[in-house]
Amino acid sequence: MYDYLIVGSGLFGATFAYWASQSGRKCLVIDKRPHFGGNVYCERIEGINVHQYGAHIFHTSNKELWDFVNSLVPFNRYTNSPVANYKGRLFNLPFNMNTFYQMWGVTTPEQAVAKIEEQKSKAVALLNGREPQNLEEQALMLVGQDIFELLIKEYTEKQWGKKCSELPAFIIKRLPVRLTFDNNYFNDKYQGIPIGGYNKLVEKLLAGADCRANADFFCSEYREWRKFADRLVFTGPVDEFYEYRFGKLDWRTVRFETEVKDVPNYQGNAVVNYTSHEEPYTRVIEHKHFEMFGSEVYDCPKTVISKEFSMQYREGMEPYYPLNDDRNNLIANQYRALAEAEEDVIFGGRLAEYKYYDMAPIMEKAFIAASRADACNSV
């Protein structure tokens, strides 16, 4: 008998298992995949840790959390600085002075502000005092025509499978605009990749728990979870847990085409976004650049790239991004109400909450959930 049966070994489940084990609780972690770690799992190919489910960069301003993960596995100094490719023209991201120089040839913040305001003014005039009704109007009001057309419009349409004029404005309520020559994508104080890959981090998090792979909660004896544990921690799809009582929730997913290239350096950067419809994929990841720097890149004679194709979720695929439209939010709130009423079940993570999370916030939530659960168990 266990204190907790934890369904899913992604960062919520693994972090919960760590803190529960540290408190002396006995945990059984099951995962339907043949491996542990959820979407942060890496596969070793040609001596390179390949992010099997898309690029994951850990970043946080929480020093306590940063110190904690580094106490388990030291992190490297990777800094996320993606590049956008629009029909062969390259632009730095996020939007900063490098981007504005590449776009307009401006060299000072004053010139950049003047150009942005000039372009924004056209969109503001067209709105004539009303609020933006869709993503296109919102983006044009924030950054103007040039940036929208080259770096936002087609990329976003590939990502969501809809025209920008058909997408809600809230998706892009804010766009980071920096008036410095700073290509660091994140504003957080700390960021990096675990040295040796994310599998090492997950192994440390799960070290105190019993773990079973290839165990699908819904198609196994674990469905009758009370036979195994006092409480359930569920990180799978909340609609499936409740047998789709209110309908199925919609997702966007990503398909990957991964290939080995017989060159040591394919694109010179870990992340290159392709913002034109000319390429069907949204971006290309070159995995070695997450962990190899400088001359190290050439010590490894081959490289591995993954092309990412955004598409509508279908049965059997991995759900990635929730569609936060009116229909899905209504259904999700009904499931959330059921979940909140559960006494012995803890729901956590992207699938269980129908909410997108970065890695650091989901680990923080798991720690809080484990602490509360332990406090309840101690009463």
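Analyst: Two strands count as paired if DSSP finds at least two bridges between them. The model discussed here is predicted.

User: Which residue in E7 is the bridge partner of Val-83?

Analyst: Strand E6 covers residues 83–86, and four bridges join E6 to E7, with the two strands running antiparallel. Within E7, the bridge partner of Val-83 is Asn-92.

User: Which strands stand at the edges of the open sheet of seven strands?

Analyst: The sheet has mixed pairing and the order E7-E6-E12-E13-E14-E11-E15. A strand at the edge has a single partner strand, so one side of it is left without a neighbour in the sheet. The strands at the edges are E7 (89–92) and E15 (321–322).

User: Is His-51 buried or exposed?

Analyst: His-51 lies in strand E4, residues 48–51. Leaving aside residues up to four places away in sequence, His-51 touches several others, including Tyr-41, His-56, Tyr-198 and Phe-290. Buried means under 20% relative accessible area. The value for His-51 is 3%, so His-51 is buried.

User: How far does the backbone nitrogen of His-56 lie from a polar atom of the His-51 side chain?

Analyst: His-56 is among the residues that His-51 touches. A polar contact needs N or O atoms within 3.5 Å. The distance from the backbone nitrogen of His-56 to that side-chain atom of His-51 is 3.1 Å.

User: What is the relative accessible area of Val-177?

Analyst: Val-177 lies in the loop between helix H6 (145–160) and strand E8 (190–192). Together with Val-113 and Leu-179, Val-177 makes a nonpolar surface patch of about 190 Å². Val-177 is partly exposed, and its relative accessible area is 35%.

Methods:
Residues are numbered from 1 along each chain as its sequence is written. This is a predicted model: local features need pLDDT of at least 70, side-chain atom pairs count only at pLDDT 80 or more; totals for chains, interfaces and linings use all residues. Side-chain values use heavy atoms; hydrogens and water are left out. Patches are made of residues with over 30% relative accessible area and no salt bridge: like charges are joined within 9 Å, nonpolar side chains (Val, Leu, Ile, Met, Phe, Trp, Tyr) within 5 Å. Accessible areas come from the Shrake-Rupley method with a 1.4 Å probe; for residues, only the protein chains shown count as cover. A salt bridge is a side-chain nitrogen of Lys or Arg within 4 Å of a carboxyl oxygen of Asp or Glu. Buried means under 20% relative accessible area, exposed over 50%, partly exposed in between (1.4 Å probe, protein chains only). A polar contact is a pair of N or O atoms within 3.5 Å; within protein, one must be able to donate a hydrogen and the other to accept it, and residues adjacent in sequence count only if both atoms are side-chain atoms. Contact means heavy atoms within 4.5 Å.
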